[in-house]
Amino acid sequence: RMIGHLISGVEKIIRSLFPSGKTGERIGGGLLVVIVVAVSIAVPGGILYLAYHISFYLGLAVESFMCYQILATKSLKVESDRVYREIQTGDIARARKAVSMIVGRDTQNLTIEGVTKAAVETVAENTSDGVIAPLFYMVIGGALLGFGYKAVNTMDSMVGYKNEKYLHFGRAAAKLDDVMNFLPARISALLMVGTAFISGKSYNGKQAWRIWRRDNRKHASPNSAQTESVCAGALGIQLAGDASYFGKVVKKPYIGDPTRAVEPEDIRRTNRLMNRTAWICEILCLGILIAVAV
């Protein structure tokens with residue numbers, strides 16, 4: 001949230017200093033990326049320097065807390081479970097409002113199936129962006145690189161839109177996010193496929209692998225369809241398709257096969273798949289760190 005406030009504040013200042021238009025907005029957007037990433041690394045870096053200077057164990061405790069804050073596993077589950085509960089009450093207006101808190105698309109006209117699909121897609125996509133990718137960067141560079149990644153990912157979610165306001169200004173953030181997520185997204189997909197194989201009758205590992213291989217490029221982003229396609233295959237449902245953003249319908253290909261209809265329980269199934277994938281990734285990360293230390 002603090003990074004989000006930083007992005008909003010810096011954006012206002014930059015827009016007041018740089019002229020509107022393609023060139024000015026692209027330069028301003030690039031400057032936004034540099035400032036936000038630098039501050040997002042420098043502030044926790046200063047705190048960690050002081051903590052480790054006082055005591056190694058204090059530094060370890062502070063950095064552990066920072067790493068916990070970077071991961072979004074719990075918040076994804078809490079927010080998507082809220083959508084599930086509102087659907088169960090039968091109040092479509094409240095369900096739409098709940099899902100609007102975790103998706104970027106317009107939600108005011110979504111059906112129950114549309115609300116469910118939106119929640120499932122968000123949890124599936126953010127299994128990479130909010131869980132596996134941060135772990136990947138924290139293994140490499142601890143909390144500091146984790147915060148650097150989080151800054152880029154948050155900027156993409158706030159300014160990385162292809163609309164009139166952000167088409168040029170958000171280009172640098174969106175492209176850098178694509179680069180930083182390229183490898184983690186594919187690692188996430190493979191981990192999720194493996195998780196589907198060992199997660200019981202509710203998930204189809206073979207189908208998850210097949211749909212991932214077929215549909216992992218069916219998205220404007222080179223990364224977003226990676227875990228979405230695995231999830232669609234594992235659950236035997238069809239995701240994606242056309243969606244409305246800022247009042248404009250965006251054409252999107254479908255991901256997965258409609259083996260059965262999407263149902264509210266798929267939200268919880270996706271949450272379980274995310275949690276199990278996260279645990280497997282954490283175990284692998286710990287194994288890597290222990291092997292390096294030894």
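What covers the buried residues of helix H8? The cover includes helix H7 (171-197), helix H9 (224-235) and strand E4 (254-255). This is a predicted model, in which local features need pLDDT of at least 70, side-chain atom pairs count only at pLDDT 80 or more, and totals for chains, interfaces and linings use all residues. Residues are numbered from 1 along each chain as its sequence is written, and side-chain values use heavy atoms, with hydrogens and water left out.

**Overall fold**
- The chain holds 10 helices and four strands, where helices (H or I, at least four residues) and strands (E, at least two) are DSSP runs numbered from the N terminus.
- Read from the N terminus, the order of elements is α-α-α-α-α-α-α-α-α-β-β-β-β-α.
- The radius of gyration is 20 Å, close to the 19 Å that the globule rule gives for 294 residues, so the chain is as compact as a globular protein of that length. The radius is taken over C-alpha atoms, and the rule is 2.2 Å times the number of residues to the power 0.38.
- The C-alpha trace spans about 55 × 55 × 35 Å along its principal axes.

**Burial, contacts and surface**
- Of the 294 residues, 47% are buried (buried: under 20% relative accessible area; exposed: over 50%; partly exposed: in between; 1.4 Å probe, protein chains only).
- Among contacts (heavy atoms within 4.5 Å) with a separation of 6 or more, 65% are between residues 24 or more positions apart.
- The accessible surface comes to about 15200 Å², and 63% of it belongs to carbon and sulfur atoms; the areas come from the Shrake-Rupley method with a 1.4 Å probe.

**Helix H8**
- The buried residues in H8 (residues 205-215) are Gly205, Gln207, Ala208, Ile211, Trp212 and Asp215.
- Seen down the helix axis, these buried residues fall within an arc of 155°, so they line one face of H8. The arc is that of the directions from the helix axis to the C-beta atoms.
- Lys206 and Arg213 are exposed on the other side of H8.

**Two buried residues**
- Threonine 277 is found in helix H10 (residues 265-293) and is buried, with a relative accessible area of 0%.
- Leaving out residues up to four places away in sequence, threonine 277 touches Thr127, Ile132, Ser188, Leu191, Met192 and Thr195.
- Alanine 240 lies in strand E1 (residues 239-240) and is buried, with a relative accessible area of 13%.
- Phi of alanine 240 is near 65°, a positive value in a residue other than glycine.
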